Amino acid sequence: MKITLITVCYNSEKTIKDTLESVLMQTYENYEYLIIDGKSKDETVSILKEYEKKFKGKMKFVSEKDKGLYDAMNKGIDMSTGDIVGILNSDDVLIDKDVFKKIVDNYKEDTDVLYADLIYVDETLKTPIRDYISGYKSGDYWCPAHPTMYIRKKVFDEIGKYNLEYKTCADYDFMVRLNINNYKFTYLRDYLVLMRMGGVSNGIKGYYNNFKDAYSILKDNKVKFPLLKTFRRIIHIMFQYVNALGKQGKIKEIINNK
């Protein structure tokens with residue numbers, strides 16, 4: 001099984017090396033790594049050129065203007081040749097050298113989407129803030145961690161890619177469409193990604209826009225009771241925070257052992 005991993009970046013010189021190194025260290029070798037750069041003005045492209053040769057043909061990148069994060073993701077999906085496609089942000093890292101191997105080992109014949117858990121960390125990647133447990137599929141409010149999702153390429157061909165109308169949570173719209181079309185999910189109960197806190201969907205303003213978009217997404221996809229289910233999603237996320245309290249010590253031990 002061939003994996004396509006896509007990283008979207010723009011002016012990411014401070015973090016992109018960590019991301020690249022985490023992919024470079026993977027023990028499973030049947031993958032391609034596509035990096036879609038939004039015409040960075042810093043040293044990002046120079047770093048990509050430096051690392052391109054280290055991947056020995058497995059890495060390709062383009063640097064051109066785009067219409068935003070999800071447009072760049074869609075470009076990567078169009079370029080992909082793998083059986084399954086995953087997204088890794090330019091300030092996040094794969095948690096250890098066996099992430100790809102775990103994905104392939106747990107991808108079942110009838111799996112359309114494999115997903116797992118992640119750990120939010122500070123900018124050093126050493127200090128845990130909280131974890132995100134995706135959990136088993138449980139209703140319209142359920143939302144697995146997007147950077148841990150590996151989706152069969154044919155699924156994008158069947159239901160389309162990310163909808164550019166949603167600026168902060170087109171990934172949630174895509175998950176809703178996956179649910180509506182009854183695709184098969186496989187949950188890998190393991191941490192796959194260290195995710196730096198920040199980004200367009202974090203912070204009070206980001207969460208407000210996220211929830212507003214979430215309501216519109218459910219309504220646009222003709223899901224019944226969209227407002228109620230948006231509130232259930234908020235409650236689900238709040239429980240994530242509560243459940244994460246007091247786990248920093250355990251999570252830090254996990255990070256140190258990787």
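Predicted model: local features only at pLDDT ≥ 70, side-chain atom pairs only at ≥ 80, totals over all residues.
Local features need pLDDT of at least 70 and side-chain atom pairs count only at pLDDT 80 or more, while totals for chains, interfaces and linings use all residues. Residues are numbered from 1 along each chain as its sequence is written, and side-chain values use heavy atoms, with hydrogens and water left out.

**View 1. Helix 1 packs with helix 2.** Here residues 16-24 (helix 1) and residues 44-52 (helix 2) sit with their axes 10 Å apart, at an angle of about 20 degrees. That makes the pair roughly parallel (angles under 35 degrees count as such). On the helix 1 side, look for I16, K17, L20, E21 and L24; they meet I47, L48, E50 and Y51 of helix 2 (contact means heavy atoms within 4.5 Å). Sorted by class, that's 6 nonpolar, no polar and 3 charged residues.

**View 2. Helix 3 is mostly covered.** Of the 11 residues in this helix (69-79), 8 are buried, meaning under 20% relative accessible area with a 1.4 Å probe, protein chains only. They are Y70, D71, A72, M73, N74, K75, G76 and I77. Packed against them you'll find strand 1 (3-9), strand 2 (31-37), strand 4 (84-87), helix 5 (153-159) and helix 6 (170-180).

**View 3. S12 lies in the loop between strand 1 and helix 1.** This serine counts as buried because its relative accessibility is 6%. Beyond its neighbours within four places in sequence, S12 touches D42, T44 and S90.

Notes: Axes fitted to C-alpha atoms, helices over the stretch in contact; angles between N-to-C directions. Helix = DSSP H or I, 4+ residues; strand = E, 2+ residues; numbered from the N terminus. Parallel < 35°, antiparallel > 145°, perpendicular 65-115°, else oblique. Nonpolar A, V, L, I, M, F, W, Y, C, P; charged D, E, K, R; others polar. Buried < 20%, exposed > 50% of the residue type's maximum accessible area, 1.4 Å probe, protein only.
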